[in-house]
Structures are given as C-alpha cells and as structure tokens.
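Subject: Structure for you to look at

Dear colleague,

Here is the structure I said I would pass on. Please open it first; my notes follow below.

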Amino acid sequence: RKPSSEWALHTTFYKHKPHARAVVHTHSMFCTTMAVLGEPIRAVHYVIGDAGAAEVPCAPYQLFGTEALAEAAMEVCGKSNAVLLGNHGLVCCGKDIKGAYGLACNLEYVAELQYRAMSIGKPNVLTEEQMAEVMVKFQSYGQPGAKKTGY
Ligand SMILES: [Zn+2]
C-alpha cells in the first residue's frame, strides 16, 4: 500500500529516537487545541511523565506531509517522546504500538485537563523537582514482572 503522507514525520522518530519501535500521529481534540494555541502540554498532571519529559513542546506550523514538518518536530522535541505540531496535532513514539498509543491517550488526557484548567483559571504546573520524583517512581511502577507498555 501507499505509505502515509506523513512518512517523513514517522521516519524522523525512528532515525532520532533509537528506542522508538512505533510512532502514533493523531489530530486528537485537546492535543490539537493546544497545538492551535502554540502551547506546550505542561505538567498539570504527573501522567505527562509517560512522555519521558516534564513538557511536550509545540513545533511551529509547517505544511502537512512535508519534510519541513518532520524537521520542525524533531528540532523542538528534545528528550520528549512526543511533540505537538503547530495547528496540526500530536506525534509520539513508544517501544511498541501499545506503548505509543497509550502515550497518545495519556497526553490527550493531560491536554484536556490543561484546557479545562485554563478555561476557569491558571493551572498549577508541577515543578521540575516534582516531575523528577515522578520519573524515578515511574521506573518501579506497576506489578513486578508485568510487561510495561507505558509508565
Ligand atoms: Zn496529521
């Protein structure tokens, strides 16, 4: 079959993130809402730690299906396993498709929380120190011996 029009976007994750074995790209409502605002997804809930970073940055707008879009995404991605695409959506990766999909779902949850909090006030964002604690705890999260797909 013909590859996705976003093949360059998917490929750049495999090239630059050696642990990535699956990439998910979505136009999910709340992630895309943040992308329309040019706002990163912030640590308004500890679940964002699933992205491997305390913030999911937003790349500037580029035309869909272009290498410029893939380059812009990787330029701002840093150590995060996810990035928002300005006025477009979200792309994220995982060690398998279940992990990448789970991360996309968790980020949609955090983006919705951020949206709701911004609608009625100023969200309290967890500090780098608080998120560092989360990252340490995520390493031993879940049942011993259970296959981990996300955090
Ligand atoms: Zn798209």
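A donor, as the word is used here, is an N, O or S atom within 2.8 Å of the metal; water is not among the atoms, so a site may look incomplete. Please also bear in mind that this is a predicted model.

The zinc site

With that cut-off, the protein donors of the zinc ion are NE2 of His25, NE2 of His27 and NE2 of His88, lying 2.1 Å from the ion. Along the chain, the donors follow the spacing H-x1-H-x60-H. The site ties together distant parts of the chain: His25 belongs to strand S1, while His88 sits in the loop between S3 and S4, and the two are 63 residues apart.

Are these two histidines buried or exposed? His25 has a relative accessible area of 22%, which makes it partly exposed. His88 has a relative accessible area of 9% and is buried. The cut-off that separates the two is 20%: a residue under that value is called buried.

The overall fold

The protein has 5 helices and 4 strands. Read from the N terminus, the elements run α-β-α-β-α-β-β-α-α. The radius of gyration is 15 Å, close to the 15 Å given by the globule rule for 151 residues, so the protein is as compact as a globular protein of that length. Its C-alpha atoms fill a box of roughly 40 × 40 × 25 Å along the principal axes.

Of the 151 residues, 42% count as buried. Among contacts with a separation of 6 or more, residues 24 or more positions apart account for 70%.

The sheet and the helices on it

In what order do the strands lie in the sheet? The 4 strands form an open sheet in the order S1-S4-S3-S2, with mixed pairing. Strand S1 (22-26) and strand S2 (58-59) are the edge strands, each pairing on one side only. S2 pairs with strand S3 (residues 82-85) in the parallel sense, over 2 bridges. Leu85 in S3 is the bridge partner of Ala59.

Helix H1 (residues 7-16) packs on the sheet and touches S1, S3 and strand S4 (89-94); the direction of H1 makes about 145 degrees with that of S1. Helix H4 (residues 97-120) also packs on the sheet, touching S1, S3 and S4, and its direction makes about 140 degrees with that of S4.

The buried residues of H1 are Ala8, Leu9, His10, Thr12 and Phe13. The cover over the buried residues of H1 includes S1, helix H3 (67-77), S3 and S4. As a reminder, an α-helix has 3.6 residues a turn, so residues three or four places apart point the same way.

Leu103 lies in helix H4. With a relative accessible area of 2%, Leu103 is buried. Which residues does Leu103 touch, leaving aside those up to four places away in sequence? They are Asp50, Ala51, Asn81, Ala82, Cys92 and Cys93. For one of these, Ala82, the C-alpha atom is separated from that of Leu103 by 8.3 Å, and the two residues are 21 residues apart along the chain.

Regards

Note on methods: Residues are numbered from 1 along each chain as its sequence is written. This is a predicted model: local features need pLDDT of at least 70, side-chain atom pairs count only at pLDDT 80 or more; totals for chains, interfaces and linings use all residues. Side-chain values use heavy atoms; hydrogens and water are left out. Two strands pair if DSSP finds at least two bridges between them. Contact means heavy atoms within 4.5 Å. Axes are lines fitted to C-alpha atoms, for helices over the stretch in contact, and angles run from 0 to 180 degrees between N-to-C directions. Donors are N, O and S atoms within 2.8 Å of the metal (3.2 Å for Na, K and Ca); water is not among the atoms, so sites may look incomplete. Buried means under 20% relative accessible area, exposed over 50%, partly exposed in between (1.4 Å probe, protein chains only). The radius of gyration is taken over C-alpha atoms; the globule rule is 2.2 Å times the number of residues to the power 0.38.
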